[in-house]
Amino acid sequence: MPPLFLPTHVENQAAMAKYMRNQFEFLGVRSPERRLLTRPIIRESRQLDLPTLQTWLSYYYQQPYREYQYVAIDLAFANVKRLTPDQYAWCREQTTKQAWWDSVDAWRKVLATYIFEHDALQTLGTDLLNAPDVWLRRVSLTLQLGRKVATNQAYLRQAIQLNATDHEFFIQKAIGWALRDYAKTNADWVQRVLTTVPVSNLAQREALKAYKNTPNQSAGGSVE
């Protein structure tokens, strides 16, 4: 079995659990320390055969402490370019388990990297668009964060339209986040979406934050 290598910091546990609304148990290891301690495990994971890597991913994600779930996601991301389709499907499934914004937004990076590495937006991306699970739909909305001119506008608009009337806070927040991010590249397109798609006031406020400090940079073409 892979090692359980993180320490316990009792003095941090209550505050970290409270930040996540006491939904999860914490060892009390803050992110900078966790990332530092995880580096040797990540290096080792890259040398593992894929069945053993899957054992590691499953083992860490089923641990009761939230920090080890973060470790599993970090390992998946470090090995994302060599994951099999079955391992991608496993990662997608874990996105809905013990789910909250912290794990979901971390899994998003794994799923997005895999999807664009395999040019699979029309298949795997569409699967996310049509998912009944709210967290997977959040991923569909934020899937293209940071892609700038490579953003597929049709996919982004479809994701927003499909979720525009969903009153779930994390969905509306994600709509605003996605629009705010893309407004830095194509502000005109985002303005058109805001005037033609009935998104919530929350989503609009989030989207419009991009216009406070960012000039119009129309490029044209096709958190919490």
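Is Lys173 buried or exposed? In this predicted model, Lys173 is buried, because its relative accessible area is 16% and the cut-off for burial is under 20%. The residue takes part in a salt bridge with Glu206, in which the closest N and O atoms are 3.1 Å apart.

The salt bridges of the model number 9. One of them is formed by the side chains of Arg92 and Asp127, with an N to O distance of 2.7 Å. Arg92 is located in helix H5 (residues 85-94) and Asp127 in helix H7 (residues 121-129), so the contact ties together parts of the chain that lie 35 residues apart in sequence. Asp127 is assigned to the partly exposed class because its relative accessibility is 36%, a value in the range between the limits of 20% and 50%.

A further salt bridge pairs Arg137 with Asp166, whose closest N and O atoms are separated by 3.0 Å. Here the link runs from helix H8 (residues 134-142), which holds Arg137, to the loop between helix H9 (153-163) and helix H10 (169-183), which holds Asp166; the two residues are 29 apart in the chain. Both Arg137 and Asp166 are buried.

The analysis of open space in the model concerned its largest pocket. A volume of about 500 Å³ was computed for this pocket, and 19 residues make up its lining. Ser31, Arg34, Arg35, Tyr70 and Ala106 are the lining residues nearest the pocket centre. Four helices each contribute at least two residues to the lining, namely H1 (10-19), H2 (31-45), H4 (66-78) and H6 (101-117). Of the contributions to this lining, that of H6 is the greatest, at 6 residues. Grouped by class, the lining comprises 11 nonpolar residues, 7 charged residues and 1 polar residue.

Conventions: Residues numbered from 1 in each chain as written. Predicted model: local features only at pLDDT ≥ 70, side-chain atom pairs only at ≥ 80, totals over all residues. Heavy atoms only, no water. 1 Å grid on protein atoms, 1.4 Å probe; cavity = no way out; pocket = protein on both sides within 12 Å on 5 of 7 lines; lining within 4 Å. Points joined across faces, edges and corners; volume = space filled by probe spheres on them. Nonpolar A, V, L, I, M, F, W, Y, C, P; charged D, E, K, R; others polar. Salt bridge = Lys/Arg side-chain N within 4 Å of Asp/Glu carboxyl O. Buried < 20%, exposed > 50% of the residue type's maximum accessible area, 1.4 Å probe, protein only.
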